[in-house]
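This report describes selected features of one protein model. The sequence and structure come first.

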Amino acid sequence: MKKRILCMGSINIDLTMFTNELPKPGESIKTDNFQTFPGGKGGNQSATIALLGGNVRFFTKMGDDDFSKSLIDKQKKDGVDTSAVIIEKGGTSGVAMIMVDSHAQNFILFTPGANGHMSAHDVREHADIFDRCDILQLTMEIPTDACYEAIRIAKSKGKTIVLDPAPAPKGGIPHEVARLVDYTKPNETEAEILTGVKVDSRESAEKALVELHKLGFATPILSIGNKGAMVYSENKFSFYEPFDVDSIDTTAAGDIFIAGFTEALSEGKSLHDCMIFASAAASLSTTVKGAQTSIPAVEKIYELITGKK
């Protein structure tokens, strides 16, 4: 039986434009497209877990506006249990404005809406939800005090913790919190914020992983953009090359990686197999525009892993 996952984090509407080049400060660029996608790191991850066949419940705070209602409806449609979502009367959905260039690079500006009002008090008031999960997966687009309290409560109940430290807090993550985390996956930028190590080579990536482990994280994973991912476990480094695909948009690749990893973990797969599954899922996601719209089908992931057409 698959383990139950509680996914905690942000959810928002992505307002997206595609352009040849990203604008420089003060520059206006005209483009001929505009699309709206469901997004937010928590929403992306919970939807991915559900669509990959996982047993997932979503925990966040949302408003009662039309965007919030449509986002909750989309989560339900994807198979996510939304019964733990807190509704803030008069609150709004989060909104992200995204620009993607012809090289599949992007930048994102967002306002969290009701997500940003989630507190440690909210987490304590709903502490019973941690009794009904085996794995807590969370991301940090919601207030850090809520994240840290969730980690403390979940670990006190013997749960496995998977942390996506994005965006990484500028002051780092307290050691007493880090040592409660079983798996964490920063990207190069987040790893530098957390460790002070600039990741620009295989050697610096290894150094950053060691530093993350010293900070308390049991099994740190480092995603290195289109170069792949590395993991440090049992005093060994393992490198995973990305799969060869035609990338057009990397917007949610990191979310789909960590969600794929957690879903595989819930099936009892080995660390190696979790990494392979996550890498394949993330690679495929870059071949489709959007965030939740780019979540790949399970059979396509296994086709890519086995090399079948």
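The text below covers a sheet, a helix and a set of salt bridges in this predicted model.

**Sheet.** An open sheet is built from four strands in the order β3-β2-β7-β8, with mixed pairing. Its edge strands, β3 (35-39) and β8 (106-111), each pair on one side only. Neighbouring strands are turned by 25° against each other on average, direction ignored. Strands β7 (residues 94-100) and β8 run antiparallel and are joined by six bridges; alanine 96 stands opposite phenylalanine 110 in β8. Helix α2 (residues 66-78) packs on the sheet, where it touches β2 (12-18), β3 and β7. The direction of α2 makes about 95° with that of β2.

**Helix α8.** Helix α8 (residues 253-266) has 14 residues and spans 20 Å from its first C-alpha to its last, close to the 20 Å expected. Of these 14 residues, 13 are buried, so α8 is largely enclosed by the rest of the structure. Just after α8, glycine 268 has a positive phi of about 85°.

**Salt bridges.** The count comes to 17 salt bridges.

| Aspartate 81 | Arginine 57 | 3.6 Å |

Arginine 124 is partly exposed at 45% relative accessibility, whereas glutamate 149 is buried at 14%. Salt bridges with shared partners also join Lys2, Glu263, Glu267 and Lys269 into one network.

How values were computed
Residues are numbered from 1 along each chain as its sequence is written. This is a predicted model: local features need pLDDT of at least 70, side-chain atom pairs count only at pLDDT 80 or more; totals for chains, interfaces and linings use all residues. Side-chain values use heavy atoms; hydrogens and water are left out. Helices (H or I, at least four residues) and strands (E, at least two) are DSSP runs, numbered from the N terminus. The expected span of a helix is 1.5 Å times one less than its number of residues. Buried means under 20% relative accessible area, exposed over 50%, partly exposed in between (1.4 Å probe, protein chains only). Two strands pair if DSSP finds at least two bridges between them. Axes are lines fitted to C-alpha atoms, for helices over the stretch in contact, and angles run from 0 to 180 degrees between N-to-C directions. Contact means heavy atoms within 4.5 Å. A salt bridge is a side-chain nitrogen of Lys or Arg within 4 Å of a carboxyl oxygen of Asp or Glu.
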